[in-house]
Amino acid sequence: MIAKENAPERALDRMLCFSLYAAHRATTQAYRRTLKPWGLTYPQYLVLVELWEREPRTVTELGDDLILDSGTLSPLLSRLESLGFVVRARSSEDARVVTIRLTDRGAALRAELAHVPGEIARCMGIPLDTAQSLASEVREYTASIQAGSAAQV
């Protein structure tokens, strides 16, 4: 959404939370278009990125890292498993612990999707250093909000 020149400023335009929400939606739409040929959603892609970096991972670890609850993560993992990208296995030491690993197909997908970060950067239309600085500021903002919310409890 691009602000129209000479349009009066709206209350929403002054709200950081709305700007973040709008940016989230635009980013998710860019990922949706980019990942469509593979039948992947943005959250599924994030799971794969985490596993490409380090595996095996437990469902709890993935949920914590991706800020997803098990009710959201479980169906997402089921879909990735049905696509043949991951396998789930219960721990032999503790049956409550489920471990996620990439399949050969899931590992090979990393090369196929190597263009995704560049495509998203192109959609953003901002230099890489600006994007990295913005990401750092948003992480700081998130940490501040979380700390403020925890202090109220």
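Strands are DSSP runs of E, at least two residues long, and helices are runs of H or I, at least four long, both numbered from the N terminus; two strands pair if DSSP finds at least two bridges between them. Welcome to this predicted model, in which local features need pLDDT of at least 70, side-chain atom pairs count only at pLDDT 80 or more, and totals for chains, interfaces and linings use all residues. Residues are numbered from 1 along each chain as its sequence is written, and side-chain values use heavy atoms, leaving out hydrogens and water.

**View 1. Here is an open sheet of 3 strands, in the order 1-3-2 with antiparallel pairing.** Strand 1 (57-58) and strand 2 (86-90) stand at the edges with a single partner strand each, so one side of each has no neighbour in the sheet. Strand 2 pairs with strand 3 (residues 98-102) over 5 bridges, in the antiparallel sense. Look for R88, opposite I100 in strand 3.

**View 2. Helix 2 lies across strand 1, strand 2 and strand 3.** Contact here means heavy atoms within 4.5 Å. Helix 2 runs at about 85 degrees to strand 3; axes are lines fitted to C-alpha atoms, for helices over the stretch in contact, and angles run from 0 to 180 degrees between N-to-C directions. Helix 4 (residues 70-82) lies across strand 2 and strand 3, at about 120 degrees to strand 2.

**View 3. Helix 2 (residues 42-53) meets helix 3 (residues 59-66), their axes coming within 11 Å and crossing at roughly 115 degrees.** The two helices are therefore roughly perpendicular (65 to 115 degrees). L46, V47 and E50 of helix 2 touch L62, D65 and L66 of helix 3.

Technical notes: Parallel < 35°, antiparallel > 145°, perpendicular 65-115°, else oblique.
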